[in-house]
Amino acid sequence: MTDIELQPGEVVTQVNVGDTTRWSVESAVSGSGAEQTQHLIVKPRDIGLTTSLVVTTDHRTYHLILVSDGEEFMHSVRFVYGHEKRAQPASTPAAAAGPAPTPQQVAGDPPARPHQKPEGKRVAFVEADDTDDGYVVTGTADWKPVTVYSKGGKTYIEMPASVRHKEAPVLFEETRKGWFHHEKILVNYRVKGRWYVVDKVIDNGTLVSGVGTNQTKVDIRHVETRKAVTAVEGQQK
């Protein structure tokens, strides 16, 4: 099942599917008022199917090709619209050589942490805000996150630049169900460029890509809340 999310405030006028026998497209709505968002829930009835989908709205027309594959799967699809594209940082050699864009630059969220730790060292610092970078990321996937931290009740996960050319992993959260049983549930998140933005603080998360024997995983664990941590070469700030 794939959720195709349209622009907030956009109203669907007609949906046409090439193969209505082996594909179903259902409508759903989230939000309310001016932020009400139309969703199209697409479900194939078998593997190896291909058809076309045309969606007309009061804003534009979407032409989509639907493919049901036994290995590749996208649980959520959304589009970058004109005003969002202008908010993205410019993709230039100079920008690529500099610091990675913060969630504030790409998503308009609270500013990133004010400090930057040099690689291979533990840098002394005292946080002046509620930034918490006490996360440990384990796994060997080539799309392993390069940065994870939480701030303002949200979790920010920065993926490497190479993820743009690969199947994007899906984020799950591990929750306790009873004393001895844990289960993984799909997390609602937004993708802004290379960033995954989650509207909650994640303690135990898992990024998953692929299925079966081709599946790769990366675990994200919250190990501590770091409000004021110091430790490098015996000096403190």
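**Entry 1**

I began with strand β16 (residues 204-209), which is mostly covered, as 5 of its 6 residues are buried. Here buried means under 20% relative accessible area, exposed means over 50%, and partly exposed lies in between, with a 1.4 Å probe and protein chains only. I took strands (E, at least two residues) and helices (H or I, at least four residues) as DSSP runs, numbered from the N terminus.

I noted that this is a predicted model, in which local features need pLDDT of at least 70 and side-chain atom pairs count only at pLDDT 80 or more, while totals for chains, interfaces and linings use all residues. Residues are numbered from 1 along each chain as its sequence is written, and side-chain values use heavy atoms, with hydrogens and water left out.

Which way do β16 and β17 run? I found them antiparallel, joined by 6 bridges; two strands pair if DSSP finds at least two bridges between them. Asparagine 204 has arginine 221 in β17 as its bridge partner. The hairpin of these two strands has 6 residues between them, and glycine 210 takes a positive phi near 80° there.

**Entry 2: the chain as a whole**

I recorded 3 helices and 18 strands in the chain. Of its 237 residues, 33% count as buried. The chain exposes about 14,300 Å², and carbon and sulfur atoms supply 51% of that area, computed by the Shrake-Rupley method with a 1.4 Å probe.

I then looked up contacts, meaning heavy atoms within 4.5 Å. Among contacts with a separation of 6 or more, 57% are between residues 24 or more positions apart.

**Entry 3: the nonpolar cores**

I defined a nonpolar core as a set of buried Ala, Val, Leu, Ile, Met, Phe, Trp, Tyr and Cys residues joined through side-chain atoms within 4.5 Å. Which residues have the most contacts inside the largest core? They are Trp143, Ile157, Met159, Leu171 and Leu207, in a core of 17 residues. Strands β12 (170-176), β15 and β17 (216-222) each supply at least two residues of this core.

For tryptophan 143, I set aside the neighbours within four places in sequence; its contacts then include Met159, Leu207 and Val218. A second, separate core has 13 residues, including Ile4, Leu6, Leu49 and Tyr81.

**Entry 4: aromatic pairs**

I counted rings of Phe, Tyr and Trp (its six-membered ring) as paired if their centres lie within 6.5 Å; planes under 30 degrees apart are stacked, over 60 edge-to-face, and the rest tilted. The count comes to 6 aromatic pairs. Tyrosine 149 and tyrosine 156 form a tilted pair, at 5.4 Å centre to centre and 35° between the planes.

Tyrosine 156 also pairs edge-to-face with tryptophan 195, at 6.5 Å centre to centre and 85° between the planes. This pair links distant parts of the chain, since tyrosine 156 lies in strand β11 (residues 154-158) and tryptophan 195 in strand β15 (residues 195-198), 39 residues apart. Both tyrosine 156 and tryptophan 195 are buried. I also noted one aromatic cluster formed by Tyr62, Phe79 and Tyr81.

**Entry 5: an open sheet**

I looked up an open sheet of 4 strands, ordered β3-β4-β1-β7, with mixed pairing. Why is one side of β3 and of β7 without a neighbour in the sheet? Strands β3 (23-30) and β7 (76-78) stand at the edges and have a single partner strand each, so one side is left without a neighbour.

Strand β1 (residues 2-5) pairs with β7 in the parallel sense over 3 bridges. Isoleucine 4 has valine 77 in β7 as its bridge partner.
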